[in-house]
Amino acid sequence: MTDNPVENASTTTPAPLTPLTPLTLLGLGAMGTALAGAWLAAGHPLTVWNRTAARAGTPAARGATVAGSAAEAVAANRLVVVCLLDDDSVEEALADTDLAGKDLVNLVTGTPGQARARAAWAERRGARYLDGGIMAVPPMIGVPAAGPYVFYSGSSELFEEHRTVLAVPAGTRYVGGDAGHAALHDVALLSAMYGMFAGVAHAFALVRGEAVAPGELAPMLAGWLTAMSGSVATTASQLEAGDYTGGVVSSLAMQVAGKGTLLRTAAEQGVSAELLEPYFRLMERRLAAGGGEEDLTGVVDLLRR
Ligand code: NDP
């Protein structure tokens with residue numbers, strides 16, 4: 001310290017006006033490690049636990065407190081975030097912990113049913129419960145420009161109380177008091193993503209072996225998928241209107257007629273159509289039921305059991 005206040009100000013880190021919420025994180029896999037890094041970088045006191053203790057080295061070096069057991073980690077803070085592999089691992093890790101009075105935030109990917117059962121389980125043990133579905137991969141965590149966010153559902157009180165802490169690693173989207181709804185949104189988006197991946201795989205398979213470099217097709221493919229993504233909003237408005245003929249630009253009848261071209265091209269190129277055929281079968285069923293003037297929205301109803 002010197003007598004010069006300007007010099008002192010430049011060499012000391014001011015304490016935050018409001019102390020940052022301390023929290024516990026269980027699970028230091030790829031995602032847990034990224035989450036830990038974001039909370040530590042923001043200055044939150046963090047207690048961590050991982051089944052394989054060696055993985056705690058990185059957060060420990062950055063200032064985290066390492067607990068010797070899950071029970072000790074849970075006891076350390078009121079806010080407890082879980083980022084383990086799956087629902088079974090949550091059951092196993094939290095079996096011998098005291099959850100009374102805790103705010104449990106479960107970021108493990110699971111089904112809506114698992115989330116609802118886990119919420120009831122946590123509440124029986126005296127905890128408030130919030131379920132989360134992470135819409136990001138680890139490198140996006142703590143990088144707002146990359147657009148990471150987490151769907152949350154369950155206790156609105158818990159969410160409101162901790163939303164600032166929860167917003168440190170990724171954006172937050174609260175989707176309601178039904179604990180299953182974060183998982184429902186998460187899995188809906190992931191399921192659509194796999195449909196897209198399936199189409200992309202088929203497209204690359206078609207040009208494989210021809211003088212079309214994958215890198216040449218890639219920007220066209222990405223651009224076309226982006227252009228077609230407008231159909232999502234059309235489908236939503238047709239479902240809400242209960243009328244699947246409004247704003248139709250490509251009728252189901254026309255699209256079913258064009259199906260043969262896609263299947264013959266696959267055959268000519270020596271490519272299996274196994275990813276496309278199930279969708280075409282649903283389109284044909286809807287056409288047979290009289291939906292020729294509609295868009296593809298009727299397929300949604302055929303999928304409901
Ligand atoms: P990892 O496979 O990297 O890590 C799994 C973690 O779970 C490790 O900490 C592991 O401990 C722990 N674990 C597994 N089984 C048990 C058990 N029986 N008891 C205690 N701990 C256990 O997975 P991620 O970190 O990538 O994923 C964590 C969650 O985040 C998952 O639900 C995943 O779906 C979700 N998620 C992941 C994304 C990603 O891209 N990585 C994207 C979005 C969501 P140990 O080190 O001892 O093996």
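Helix 5 (87-94) supplies the largest share of the second largest pocket's lining, with three residues. This is a predicted model, and the ligand sits in that second largest pocket.

- Helix 2, helix 5 and helix 8 each give the lining at least two residues.
- By type, this lining divides into 15 nonpolar, six polar and four charged residues.

**The ligand and its shell**
- The ligand is surrounded by 21 residues, and Met31, Asn50, Thr52, Arg55 and Thr109 are the closest.
- Leu85 takes part through its backbone, where an N or O atom lies 2.9 Å from an oxygen atom of the ligand.
- Taken alone the ligand exposes 900 Å², and the protein buries 78% of that.
- Helix 2 (30-41) gives the most to the shell, with three residues.
- The shell is made up of 11 nonpolar, seven polar and three charged residues.

**The largest pocket**
- About 2,400 Å³ of space lies in the largest pocket.
- Its lining has 48 residues, with Gly195, Met228, Ser231, Tyr279 and Leu296 nearest the centre.
- Helix 8 (181-207) contributes the largest share of this lining, 10 residues.
- The lining of the largest pocket divides into 31 nonpolar, 14 polar and three charged residues.

Technical notes: Residues are numbered from 1 along each chain as its sequence is written. This is a predicted model: local features need pLDDT of at least 70, side-chain atom pairs count only at pLDDT 80 or more; totals for chains, interfaces and linings use all residues. Side-chain values use heavy atoms; hydrogens and water are left out. A residue is near a molecule or strand if one of its heavy atoms lies within 4 Å of it. A polar contact is a pair of N or O atoms within 3.5 Å; within protein, one must be able to donate a hydrogen and the other to accept it, and residues adjacent in sequence count only if both atoms are side-chain atoms. Accessible areas come from the Shrake-Rupley method with a 1.4 Å probe; for residues, only the protein chains shown count as cover. On a 1 Å grid over the protein atoms alone, a cavity is a set of points where a 1.4 Å probe fits but cannot get out, and a pocket is an open set with protein on both sides within 12 Å along at least five of seven lines; lining residues have an atom within 4 Å of a point. A molecule sits in a cavity or pocket if more than half of its atoms lie within 2 Å of its grid points. Helices (H or I, at least four residues) and strands (E, at least two) are DSSP runs, numbered from the N terminus. Ala, Val, Leu, Ile, Met, Phe, Trp, Tyr, Cys and Pro count as nonpolar, Asp, Glu, Lys and Arg as charged, and the others, Gly among them, as polar. Grid points are joined across faces, edges and corners, and a volume is the space filled by probe spheres set on the points.
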